[in-house]
Amino acid sequence: MGTRMKTIAVAAAVSMLLFGGCGSKDGSGSQSSGSTVSPAKLSSALLTISDMPTGWTEGTGETTTSTESSSDGGSNSFNDVLCPESAAALPDSFTDLGEADSSATSSAWVEFSKSSMGPFLMQGAVSGSGSADKRFDTIKSALEGCKGKTWDDTDKEGVKTTYSLAPVSAPKLGDRSFAYRITGDASMGELTFDLIMGQKGDVLITLISVSLISPFGRESISADEMKQIVDTANRKLAEL
């Protein structure tokens, strides 16, 4: 698998968990409002190219927003980025976490890049009737379970990547947030995935930055760039 495809594939695996339909059946929770934010309003919380630092362009994917029943759940294809113990503890379908069949979920997604080799930035927003607390806590718990561990993943072409995970500091995002760095060491170089998730009421915002260090150079997001991006995302989330 090529370097760019590897980075996108792993980021896609992350997004499958983040935007699957998990939540509490009764919508209970200390921060969830219990009502779904409209697709148009949710989309307004996403970054645009004018929000990005100099040198970035919009990625191949478009910002998309949809409202649909979450009763179909979602496949849990998180093995590429979670340690086996945490991956095994997650349900096969996010409806197993208790999402009511009638719950509607709105989601939006956008991506940016600096070059075909990265760095990449992906942002997603999701809102579902009372689902934010459960979704936030489930994902945070899964990531926490991988702290201090290393694990291997071998793709279909036989390229082995050794992953590790550690918490990182990040600017505020929403009313509560967490940030983790997943590092993958492989023959093609070192992949770094910084994941920041923030919650405001029933809305979750996630930022995933993907950087690469390879024999061809270092394609990474600077600390100043990341602070500008997160601060802007936090301001737009606060305006919802």
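Predicted model: local features only at pLDDT ≥ 70, side-chain atom pairs only at ≥ 80, totals over all residues.

1. Let me begin with the largest nonpolar core. It holds 29 residues, and those touching the most other members are L143, L165, F178 and M197. Two or more residues each come from β4 (120-128), α4 (132-144), β6 (160-167), β7 (176-186), β8 (189-200) and β9 (203-214). The largest share is that of α4, with five residues.

2. L165 deserves a look of its own. Beyond its neighbours within four places in sequence, L165 is in contact with L143, C146, K147, G148, K149, W151, Y180, R181 and I182.

3. Next, the largest pocket, with a volume of about 380 Å³. Its lining counts 20 residues, and R181, D194, S209, I221 and M226 lie nearest the centre. The elements giving two or more residues to this lining are β8, β9 and α5. By type, the lining residues comprise nine nonpolar, six polar and five charged.

4. Finally, is E225 buried or exposed? E225 sits in helix α5 (residues 223-238). Its relative accessibility is 10%, and buried means under 20%, so E225 counts as buried. Leaving aside neighbours within four places in sequence, the contacts of E225 are P53, T54, W56, K114 and S220.

Notes: Residues numbered from 1 in each chain as written. Heavy atoms only, no water. Helix = DSSP H or I, 4+ residues; strand = E, 2+ residues; numbered from the N terminus. Buried < 20%, exposed > 50% of the residue type's maximum accessible area, 1.4 Å probe, protein only. Contact = heavy atoms within 4.5 Å. Core = buried A, V, L, I, M, F, W, Y, C linked by side-chain atoms within 4.5 Å. 1 Å grid on protein atoms, 1.4 Å probe; cavity = no way out; pocket = protein on both sides within 12 Å on 5 of 7 lines; lining within 4 Å. Points joined across faces, edges and corners; volume = space filled by probe spheres on them. Nonpolar A, V, L, I, M, F, W, Y, C, P; charged D, E, K, R; others polar.
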